[in-house]
Amino acid sequence: MLISLSNGSKKSSSTLFMLKDKRTEMGVVNSLHGPFICGSDGIDVKDNRLLTASWIREKALEVWDIRDCGKRVCHIPLEYNEMSEMSETTTTSDKKFGEYLYACKFYSNDQVVACGSGTQSLHLCDRKRALNYFNCRTPLYCLDVSSSFSLISCGGINKFFAFTASSNSSSSSN
């Protein structure tokens, strides 16, 4: 199957995922309304699961079953401290707290990673709970995971972060 994404141009517009099967003449075999995706890294597919990172205040990280596209498998809760997540240049009057995710990836087995502008953190989660988060103190717009799952990288406008799985350490460069 081939997944095609069509996105509304305004926040009030819902996102439409169309599932296309190039083996059939009709093309579109199912569709899903729901997540508000605001970046090219906001979706990931593994086996029959679709992971979405939505740019919304809460419940932004979700897993869907692409065999039954209307069914959300789960919402993955994120853990973060809203006050500590703000960058040094942001004041409480400037900040609209929330998750506001831009990127997500399946990690290993049932683990996922996600990042965004609201939490300003890289999140490591399983399908039921947040496992850990790393406060980067800057909005994050993209992320990737190495094929061996030993390196996670994420970045924003001014900073890039790399996390290694083997040493539980991180590095940052401007």
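**Ground rules.** I number residues from 1 along each chain as its sequence is written, and my side-chain values use heavy atoms, with hydrogens and water left out. Since the model is predicted, I kept to pLDDT of at least 70 for local features and to pLDDT 80 or more for side-chain atom pairs, while totals for chains, interfaces and linings use all residues.

**Cores.** I looked up nonpolar cores, meaning sets of buried Ala, Val, Leu, Ile, Met, Phe, Trp, Tyr and Cys residues joined through side-chain atoms within 4.5 Å; buried means under 20% relative accessible area, exposed over 50%, and partly exposed in between, with a 1.4 Å probe and protein chains only. The largest core has 16 residues, and Leu 51, Leu 61, Ile 76, Leu 101, Val 112 and Cys 125 have the most contacts inside it. At least two of its residues come from each of β5 (49-53), β6 (61-65), β8 (101-106) and β9 (112-116), where strands are DSSP runs (E, at least two residues) numbered from the N terminus. β8 gives the largest share, three residues. I also noted a second, separate core of 14 residues, which includes Tyr 107, Val 113, Leu 124 and Cys 154.

**Aromatic pairs.** I found four aromatic pairs in the structure; rings of Phe, Tyr and Trp (its six-membered ring) pair if their centres lie within 6.5 Å, and planes under 30 degrees apart count as stacked, over 60 as edge-to-face and the rest as tilted. The rings of Trp 55 and Tyr 100 are tilted, because their planes stand at 50°, with centres 4.7 Å apart. Trp 55 sits in the loop between β5 and β6 and Tyr 100 in the loop between β7 (72-75) and β8, 45 residues apart. I read Trp 55 as partly exposed at 26% relative accessibility, and Tyr 100 as buried at 14%.

Tyr 102 and Tyr 141 form an edge-to-face pair, with centres 4.9 Å apart and planes at 70°. Tyr 102 lies in β8 and Tyr 141 in the loop between β11 (130-135) and β12 (142-145), so this pair ties together parts 39 residues apart in sequence. Ring pairs link Trp 55, Tyr 100, Tyr 102 and Tyr 141 into a cluster.

**Arg 127.** I located Arg 127 in the loop between β10 (121-125) and β11, and its 29% relative accessibility makes it partly exposed. Beyond its neighbours within four places in sequence, Arg 127 is in contact (heavy atoms within 4.5 Å) with Arg 49, Val 73, Cys 74, His 75, Ile 76 and Asp 110. Arg 127 and His 75 are 52 residues apart in sequence, yet 7.8 Å apart in space, C-alpha to C-alpha.

Terms used. Helices (H or I, at least four residues) and strands (E, at least two) are DSSP runs, numbered from the N terminus.
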